[in-house]
Amino acid sequence: MAVLSASGREVQQVDWRKRLLHNRTFLGLLFMLPAAALLLTFLTFPLGYGVWISLTDEKVGRGGAFVGLENYGWLFEDSVFWLSVFNTFLYTVVASIIKFVLGLWLAMLLNHHLPFKAFLRAIVLMPFIVPTVLSALAFWWIYDSQDSVISWILIELGLMDETIDFLGDPWNARWSVIAANIWRGIPFVAITLLAGLQTISPSLYEAATIDGASEWQRFRHITLPLLTPIIAVVMTFSVLFTFTDFQLIWVMTRGGPINATHLMATLSYQRAIVGGSLGEGAAIATAMIPFLLAAILFSYFGLQRRKWQQGGRDD
Amino acid sequence: MKIFTRRDILKSSAGAAAGVVAGPALLQAAQAWAADSPFTPEKDASIRLLRWKHFVKSEDEAFMALVDAFSKATGVAVRIDNEGFEDLRPKAAVAASIGKGPDIIWTIHADPHLYPDSLVEMNDVADYLGGKYGGWYPIAEFYSKRGDSWISIPYFFSGNFPNYRVSSMKAAGFDSFPGDTDGFLKLMAGLKKNGTPGGFALGNASGDGNCWTHWILWSHGGRMVDEDDNVVINSKETIEGLKYVNAMAQHFLPGCASWLDGHNNKAFLQGECHLTNNGISIYAAAQRENMTNISEDMDHAYWPVGPVGKPMEFHVQFPMMVYKHSPNPMAAKAFIAWMMEAPQFNQHLQGSVGYLSHPLRAYDDHPVWTEDPKRKAFRDTVDRTVPYSHSGSLGNAASSVFADFVVVNMVAEAALGTKTPEEAAADAQKRAERYYRS
């Protein structure tokens, strides 16, 4: 059996380190470590902890015992929870579709050569820049039961005799908060899609025009396919933001009237933080995860299939 | 024992109202108090107090002047942080959970009962103040005690009473505010008929909404739970109350269904609402803004008595609690004791102009209650209030049911007619049972 001398061992050790530092797999893992640590600390841990709390009966000020799926069982029988699920879906689906349509339309308008183009683009961003609470307060006034500016104009024009009960009637309240969310969310969609539109080469449109393509055909066969990757990303974020909206509702209605505008996020806060039932609040928040995952998966596997974008057929 | 002179109060509150920091007289008094105080702060102590954001500016000014005098006299640095109620309660809970944060929190309702093990026992402070100032009102003691231990000090209560326009009430055929629910319903009808309607918040208004809807429930004999915490909201008494509220809501000002806490203040000050429920802040704002057409024509009344035959009102408590994690609990106790001693408490009570009411009987004759007869109802706030748990125990279930607007939603459903009284009561029963499950 060969016996290594001291200097031989040193050489072997140096070789081992050298080899490690030249190993691409090791270096890759090493360089990813800080990012992974950040993600684990600030993303995975809170998420995992939230899910864990949802499996306990934890209350504010005292720890909880493991109760399995009991919180979910109670929620299943809770009419207010199911109302919040319905509200959240209605809010997300209607607001996201309208934000997409109006946002795309606005982006295409802004993509044309317009006078004061930079100024107009800055103006479009305004609703997105204004703090949510501030815009919620503005809508609070717009929808006020006594002093609504919309009601005032309609009464002054002689079109109505009394004020519209925007936030007092359950369905009026739902449409009103959806309108506020659309107003606030359009700029994000419009500006991001505008960035996407500007990456499309004008030569494609020129070629299509020479070939006699109509405006609709140019949109359908050039703009839409090339914009689809951006649309996928924008709509994923838009759906996520809308699904998890909290501030607009909390400032304007607190989830009222009679819980008609409670979203899952606001109900979770009301139950967990204001009411002190941390376990149940966490269960409501956790119940949002499958829906959010479904939205993300739809976006990635549905909208980002490249063959389809390039005019081919998907398998 | 004479605990206040009118001159002292006027002098101190004028200084406070003008935003003047504690004057030499106040400082001297503070130094004298500190020398004899049974509560000696720790050496080099500092404390942090978190309180709710004030609703009446002069109350905050009076409070800060007293804090300043305490700091100068005792050498204890006091930092005051302010938060809205919605943020204050979770912060208080987090402080209890993690064992870090403010030394004292001036909180709301019976929140100390949510985390009693995190709080310093305050028996010595409660006995000292109770013995010196005529004793605590029973409800104050009930809210702050757990077994034999005081887990908080009931610092103030805040009354929430009917606010009404006197001329409109008279035009509706009433010389004085009706004392029973039948008369109240007739007044509502008369006000509506004359185009001067009243209105009450039916949205998720945590203050005003909870106060008037609990009066509806309790005054008709309904209650959330019995003495053993069994949920009994689905009762014939509750249903009678809901039938009453459905009749009452026919006379409401349009738009009440969406009202949160601030809406009725605005509608009343704009002259659109002629009867609502609130603290004294509408009246205080009308006086401050020289809206004499409102302030001179409005008054406050006790809640009418319903079929149960006795007052069943709900008013809000604001207790102070000291956390066990505080490194300076004696400084915190000294601070609370100092604030509730007559010279200071007089000034704070005066500065609050009726928004806050006293839990110690010695302050019943305080000039703040006699110098303006329109504040009189607020003097009796603590004497008339029922705890939000009614006959049940204080704790997580009572707090959660209250925070989840179970009573507010039930009353709103019946008032708006989206559910029959029977359906609304049955639904509330189901919701409440979830919280009271063992």
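Here is the conversation that followed.

Tutor: Gladly! This is a predicted model, in which local features need pLDDT of at least 70, side-chain atom pairs count only at pLDDT 80 or more, and totals for chains, interfaces and linings use all residues. Residues are numbered from 1 along each chain as its sequence is written, while chains are lettered from A and ligands numbered from 1 in the order in which they are written.

Student: Where does helix H2 of chain A bend?

Tutor: A bend is the angle between axes fitted to the seven residues ending at a residue and the seven starting there. Helices are DSSP runs (H or I, at least four residues), numbered from the N terminus. H2 of chain A, residues 24-54, bends by about 45° at A:Leu33, and A:Pro34 follows within four residues.

Student: How many of the 31 residues of H2(A) are buried?

Tutor: Buried means 20 or more other C-beta atoms within 10 Å of a residue's own, with C-beta atoms placed from the backbone. In H2(A) the count is two, so this helix is hardly covered.

Student: How many residues of chain B are in contact with chain A?

Tutor: Contact requires C-beta atoms, placed from the backbone, within 7 Å. By that criterion, 34 residues of chain B meet 31 residues of chain A. On the chain B side, H4(B) gives the most, with six residues. That side comprises 13 nonpolar (Ala, Val, Leu, Ile, Met, Phe, Trp, Tyr, Cys and Pro), eight charged (Asp, Glu, Lys and Arg) and 13 polar residues (the others, Gly among them).

Student: And which domains does the assignment give for chain B?

Tutor: Bounds come from an automatic or database domain assignment: domain 1 is 6-159 + 315-371, and domain 2 is 161-312 + 392-436. Twelve residues of domain 1 of chain B are in contact with ten of domain 2 of chain B.

Technical notes:
A residue is buried if 20 or more other C-beta atoms lie within 10 Å of its own, exposed if 12 or fewer, and partly exposed in between; C-beta atoms are placed from the backbone. Two residues are in contact if their C-beta atoms, placed from the backbone, lie within 7 Å.
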